[in-house]
Amino acid sequence: MPVPNSISENAIFIADSHFNEKRAQLLTFLKKLKSKEIETEQLFLMGDMFDFISGESKYFIKRNSKVISLLNEISLNIEIIYLEGNHDYNLKELFPNIKIYKRENQPIFMTYQNQSVALSHGDIFVNDIFYDIYCKFIRNRFFLLFMNAIDFKNFISKKIYYGLLKKNICRKMNNFQEIVSKRVKHYNTNIIIEGHFHQGKEYILDKKRYKNIQSLNCSNEYVILCNNEFIGKSL
Ligand SMILES: [Mn+2]
């Protein structure tokens with residue numbers, strides 16, 4: 001079993017799978033984990049695992065039920081840490097055995113080989129009060145329950161679902177290092193691990209090591225932490 005609050009050797013990180021009917025890698029990955037073709041004792045879900053889901057949205061819970069039950073089954077044997085993203089939130093009641101962390105409780109802090117590590121999905125520290133208000137609003141339980149109540153014949157949900165399906169989420173950011181150099185200023189740990197940006201790059205900036213976990217959807221890779229190295233593995 002993993003040592004409390006520490007990242008295990010051979011821990012696996014996956015980020016931004018944006019699971020939907022066209023982006024099925026998360027399901028493939030979980031099946032391989034269940035069959036032990038892929039093995040680990042600790043799994044980090046870095047957020048935006050689903051293209052959209054919230055604990056209130058019945059339509060999306062139903063659409064994603066296979067992945068939800070597989071995750072719950074696996075969480076009985078493997079420690080799973082789930083950092084909520086901007087596409088997946090209010091998840092606690094869906095995953096009773098998974099350690100769920102909301103945006104407002106990120107970053108979380110852990111240790112790995114005597115190094116301090118901060119982990120977050122990556123949409124914190126944006127220095128935009130409107131984004132913070134927007135985040136609070138779209139995660140509001142009463143708002144979501146209300147939207148669910150007026151979602152006749154899933155009209156709103158389907159609009160969201162098919163809208164997201166068409167989106168291109170894999171773009172190279174030419175200024176990513178510049179963005180990271182600003183982000184690391186908000187952290188004071190040895191290592192910083194984030195998802196959200198879909199870039200998969202690693203930097204040492206300001207004496208801190210920053211790893212962006214690649215999008216499982218864009219790269220078809222999950223990441224293993226082994227001998228102090230982040231290694232991308234093809235699914
Ligand atoms: Mn995101």
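The following exercises, each with a worked solution, concern a predicted model.

Residues are numbered from 1 along each chain as its sequence is written, and side-chain values use heavy atoms, with hydrogens and water left out. In this predicted model, local features need pLDDT of at least 70 and side-chain atom pairs count only at pLDDT 80 or more, while totals for chains, interfaces and linings use all residues.

**Exercise 1. The buried side of a helix**

Determine which residues of helix α7 are buried and what covers them.

*Solution.* Step 1: helices (H or I, at least four residues) and strands (E, at least two) are DSSP runs, numbered from the N terminus. Buried means under 20% relative accessible area, exposed over 50%, and partly exposed in between (1.4 Å probe, protein chains only).

Step 2: in α7, residues 176–183, the buried residues are Phe 176, Val 180 and Arg 183. They lie on the same side of α7, because they cover an arc of only 60° around the axis; the arc is that of the directions from the helix axis to the C-beta atoms.

Step 3: the cover over these buried residues includes β9 (191–194), β10 (202–205) and β11 (208–212), where contact means heavy atoms within 4.5 Å.

**Exercise 2. A strand and its hairpin**

Describe the two faces of β10 and its pairing with β11.

*Solution.* Step 1: Tyr 203 and Leu 205 form the covered face of β10, whereas Glu 202 and Ile 204 form the uncovered one.

Step 2: two strands pair if DSSP finds at least two bridges between them. β10 and β11 are joined by 4 bridges in the antiparallel sense, and Leu 205 stands opposite Lys 208 in β11.

Step 3: the hairpin has 2 residues between the strands, and Asp 206 in this hairpin takes a positive phi near 60°.

**Exercise 3. Backbone geometry in loops**

Find what backbone feature is present at Gln 106 and Pro 107, at Gln 113 and at Asn 228.

*Solution.* Step 1: most residues other than glycine have a negative phi, and most peptide bonds are trans.

Step 2: Gln 106 and Pro 107 are joined by a cis peptide bond, with omega about 5°. Pro 107 belongs to the loop between β6 (99–101) and β7 (108–112).

Step 3: Gln 113, in the loop between β7 and β8 (115–120), has a positive phi near 45°. This residue is partly exposed, at 44% relative accessibility.

Step 4: Asn 228, in the loop between β12 (221–226) and β13 (229–234), has a positive phi of about 65°. Asn 228 is partly exposed, at 25% relative accessibility.

**Exercise 4. Salt bridges**

Trace the salt bridges of Asp 123 and state which residues form the network.

*Solution.* Step 1: side chains of opposite charge can pair when their charged atoms come close. A salt bridge is a side-chain nitrogen of Lys or Arg within 4 Å of a carboxyl oxygen of Asp or Glu. The structure holds 14 of them.

Step 2: Asp 123 forms a salt bridge with Arg 103, the closest N and O atoms being 3.5 Å apart. Asp 123 lies in the loop between β8 and α4 and Arg 103 in the loop between β6 and β7, so this pair ties together parts 20 residues apart in sequence.

Step 3: Asp 123 also meets Arg 139 in a salt bridge (3.9 Å, N to O). Arg 139 lies in the loop between α4 and α5 (141–149), 16 residues apart from Asp 123.

Step 4: Asp 123 is buried at 0% relative accessible area, Arg 103 is buried at 12%, and Arg 139 is buried at 11%.

Step 5: the network of salt bridges links Arg 103, Asp 123, Asp 132 and Arg 139.
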